[in-house]
Amino acid sequence: MTDQPDAISSAYPTAETTEQFAANISEVRARIDAAARAAGRAPEDVRLLPVSKTVPEERVRLAVAAGATLLGENKVQEALRKSENLADIDELDWAVIGHLQTNKAKYVARFAAEFHALDSIRLAESLQRRLDLEDRTLDVYVQVNTSGEESKFGLEPADAEEFVRRLPTFDRLNIAGFMTLAVFSAEETRVRRCFTVLRELRDRVCAEAPGGLHPEGLSMGMSGDFEAAIDEGATTVRVGQAIFGSRALPDSYYWPTGPGGAEASA
Ligand SMILES: *Cc1c(COP(=O)(O)O)cnc(C)c1O
């Protein structure tokens with residue numbers, strides 16, 4: 001195996017104080033800014049979405065005290081629990097960034113500001129219905145499987161354009177852009193190809209502007225690859241471990257048959 005995500009991710013120390021969180025956030029932000037400038041882009045066009053999955057609420061509070069105002073969570077139950085227990089904090093928004101079963105759309109509709117993993121019309125219908133009941137709207141990114149790995153969720157790139165043409169009827173969904181997870185690989189050309197596929201898809205869809213939609217956003221790039229993602233056009237990078245520290249749970253917990261699972265440890 002050349003893909004060793006766990007070996008790469010074990011390098012991040014755990015932030016335990018507000019000062020450590022402030023230092024990590026400003027270091028990641030400085031790297032984002034530098035990557036944007038190097039790509040000829042404006043740093044303010046790239047948003048940092050800190051990902052707090054698996055992190056206990058006491059430490060999430062420290063990250064908020066250090067300036068985080070938007071947090072990403074992969075699993076909806078964990079996100080809902082944290083949003084309820086941290087409801088005393090004003091101006092804290094939640095983004096659900098992981099695969100969602102249709103029967104759990106009601107939770108996302110209740111509390112989330114953003115959803116980064118739309119991958120079916122049935123799910124769009126459920127979200128629309130539940131958002132109607134809550135009288136809320138939701139910023140949504142269409143998830144695309146750009147790596148061709150079976151372990152990754154998301155639409156095939158070839159199906160995504162037709163999919164977006166069906167979205168204008170869902171008026172509770174603000175179709176903000178596209179999201180992807182790149183292949184886990186030490187080979188940067190393979191990682192980059194995933195980001196390029198998403199950018200080119202975005203460009204085609206925005207040129208067509210189906211039903212007046214302009215889904216300009218590109219949610220792509222994580223702790224290990226966000227600089228390449230920014231070079232390829234990322235407008236939101238989802239960064240967990242570089243801010244919070246290495247996770248105890250392997251990524252196979254989030255991508256069940258993916259890296260760190262049976263295949264990687266075989
Ligand atoms: C965990 C996660 C991230 C962040 O990964 P890190 O390696 O912690 O930066 C980004 N996107 C999704 C969908 C995730 O589940």
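How many aromatic pairs does the count come to by the ring rule? The legends below take this up first.

The model is predicted, and residues are numbered from 1 along each chain as its sequence is written. Local features need pLDDT of at least 70, side-chain atom pairs count only at pLDDT 80 or more, totals for chains, interfaces and linings use all residues, and side-chain values use heavy atoms, with hydrogens and water left out.

**View 1. The aromatic pair of phenylalanine 21 and phenylalanine 244.** The count comes to 1 aromatic pair. The ring centres of phenylalanine 21 and phenylalanine 244 are 5.3 Å apart and the planes stand at 65 degrees, so the pair is edge-to-face. Rings of Phe, Tyr and Trp (its six-membered ring) pair if their centres lie within 6.5 Å; planes under 30 degrees apart count as stacked, over 60 as edge-to-face and the rest as tilted. Because phenylalanine 21 lies in helix 2 (residues 18-38) and phenylalanine 244 in helix 10 (residues 241-244), the pair ties together parts that are 223 residues apart in sequence. Helices (H or I, at least four residues) and strands (E, at least two) are DSSP runs, numbered from the N terminus. Both phenylalanine 21 and phenylalanine 244 are buried, that is, under 20% relative accessible area (1.4 Å probe, protein chains only).

**View 2. Serine 223 in its loop.** Serine 223 sits in the loop between strand 7 (217-219) and helix 9 (226-231). With a relative accessible area of 8%, serine 223 is buried. Its side chain reaches the backbone nitrogen of alanine 242 at 3.0 Å, and a polar atom of that side chain lies 3.3 Å from the backbone nitrogen of glutamine 241. Beyond its neighbours within four places in sequence, serine 223 is in contact (heavy atoms within 4.5 Å) with residues including Tyr12, Arg31 and Arg238.

View 3. For arginine 247, an N or O atom in the side chain is 2.6 Å from a ligand oxygen atom. The protein covers 98% of the 390 Å² of accessible area that the ligand has on its own (Shrake-Rupley method, 1.4 Å probe).

**View 4. The buried residues of helix 4.** In helix 4 (residues 76-85), the buried residues are Val76, Glu78, Ala79, Leu80, Lys82 and Ser83. Their cover includes helix 3 (57-65), strand 2 (70-73), strand 3 (93-96) and helix 5 (105-111).

Notes. Buried < 20%, exposed > 50% of the residue type's maximum accessible area, 1.4 Å probe, protein only. Polar contact = N/O pair within 3.5 Å; in protein donor to acceptor, adjacent residues only side chain to side chain.
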